[in-house]
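Colleague: Could you take a close look at one part of this model for me, and then walk me through the charged pairs as well? I'd like the cut-offs spelled out as you go.

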Amino acid sequence: MRIPTWAKCGSMTPSPEKRSWTYSLTVRHIGSFLVRLSSVEKSERHYSLSVKTRDKVQRFRITRYDTGYYIFGGRPFSSMDDVVDRYRSEVIIDGITLGAPIIQTVRPVGRQAMTVTSPRDRTNSIILTQAHRQGEKTGLLLLRKGKKSPVYGKWKEFYFVIKYGEQKLLYYEREDSHKAKGLLDLRQCQTFAVDPTLYGRNGVFMVMLKYLNELSFYYFAAQTEELAQVWLRVMKRHTLKTPDTTKTEVQQIRSLSLSIRDNKLAKSSGHSNVYCLVFLDGAALAKTILMQVPCIFDESYLFQDLLLSTTSFSVELLSASKRAYIKDSSIGRVTIQLSDMPNGQDDDKWHHLMTKGSRTAQGSLKLVANFKLLLSDNLTVIEALATVCKDHHAELACALIQIFCHYKTLV
């Protein structure tokens with residue numbers, strides 16, 4: 001029987017110093033397919049998936065990364081079998097799904113021969129893959145994103161995948177989408193828990209991406225507060241540069257409590273309705289209620305488990321616009337460095353509201369802030385405690401274990 005023209009594409013002859021072989025293909029049905037090493041890329045990282053369509057052979061490239069994942073159409077798969085299983089039930093092109101694998105006949109050329117297992121064995125009919133893969137975190141979340149914080153606009157639902165080995169977050173239009181809508185390199189990101197006051201809902205957290213001195217903000221909303229905490233813990237763990245590195249130092253545990261008490265504005269300011277936004281390193285995380293001038297704020301917030309990279313917080317006073325299509329205007333901002341604050345003591349002061357490009361204060365805010373460094377980044381504190389509690393080492397050890405266990409649950 002004459003072999004169809006499209007089947008001849010299965011032939012591949014590598015360089016003489018490498019092993020060579022030829023595939024003899026027999027195809028009868030639309031959807032028949034063959035997976036092989038890519039003859040174009042000439043690399044074990046790239047594979048070619050050939051599929052028989054109605055009038056031609058369509059080829060697709062599949063890339064295998066060092067983490068063991070196979071990327072096809074922007075979507076990660078843990079094995080080649082997973083790729084085939086998905087597109088046996090879903091359309092791969094022009095209403096066609098994958099059918100039966102092509103029977104492979106191998107003829108060795110040269111001294112070495114390649115062993116090909118029977119195509120009737122489901123596991124080995126494609127390409128043998130590693131048995132164990134690193135896991136992924138997947139699920140549906142609502143997303144708001146933009147270059148400014150807070151981000152305005154509508155929430156939109158996407159399907160998210162965290163690739164543990166590569167520290168990347170991919171999101172898709174739907175779970176069955178082939179191509180990723182976007183990607184975040186978590187190694188360049190910071191994660192924050194968001195106070196419910198910012199968007200008037202629970203289960204919100206934020207990822208801030210810094211790339212080439214430009215900030216991008218991604219706000220996520222989960223169905224429940226518990227689910228949001230799970231996602232937040234996973235993202236925190238994978239935003240580290242080297243998440244698998246064993247840490248020998250005692251890590252810092254820091255918290256910030258903040259109360260916005262009062263404000264003073266010039267009588268001629270002309271502002272009627274105002275509110276405050278609270279920022280950590282430029283990321284908006286909390287919001288006061290809208291109040292009519294003159295007013296007295298009396299709202300408090302607690303930010304626990306601050307990142308080591310967090311160096312400052314800011315409170316910005318804004319004037320609410322009377323028209324929905326006009327953005328609210330900033331009256332002024334107060335920025336305080338955490339390094340300037342006394343550890344564990346209330347900082348109860350009036351602070352001038354300043355704007356960019358102006359040396360004149362637009363008013364003032366009274367803030368009560370308390371920054372606590374619960375554990376330093378070296379062992380000096382522990383050594384001092386051991387000296388003081390020399391007769392109670394068992395009690396001290398129990399207390400330290402509780403602190404370490406608390407930190408472990410966070411990261």
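Modeller: Happy to! F60 sits in strand 4, which spans residues 57-64 (strands are DSSP runs of E with at least two residues, numbered from the N terminus). This is a predicted model, in which local features need pLDDT of at least 70 and side-chain atom pairs count only at pLDDT 80 or more, while totals for chains, interfaces and linings use all residues. Residues are numbered from 1 along each chain as its sequence is written, and side-chain values use heavy atoms, with hydrogens and water left out.

F60 has a relative accessible area of 17%, so F60 is buried (buried means under 20%, exposed over 50%, partly exposed in between, with a 1.4 Å probe and protein chains only). Leaving out residues up to four places away in sequence, F60 touches Y47, S48, L49, V51, F72, I92 and I93; contact here means heavy atoms within 4.5 Å.

Now the charged pairs. The structure has nine salt bridges, each a side-chain nitrogen of Lys or Arg within 4 Å of a carboxyl oxygen of Asp or Glu. One of them links R187 to D185 at 3.1 Å, N to O; R187 is partly exposed at 32%, whereas D185 is buried at 19%. Another joins D347 and K349 at 3.7 Å, with D347 buried at 9% and K349 partly exposed at 47%. Salt bridges with shared partners also tie K156, E173 and K181 into one network.

Methods. Helices (H or I, at least four residues) and strands (E, at least two) are DSSP runs, numbered from the N terminus.
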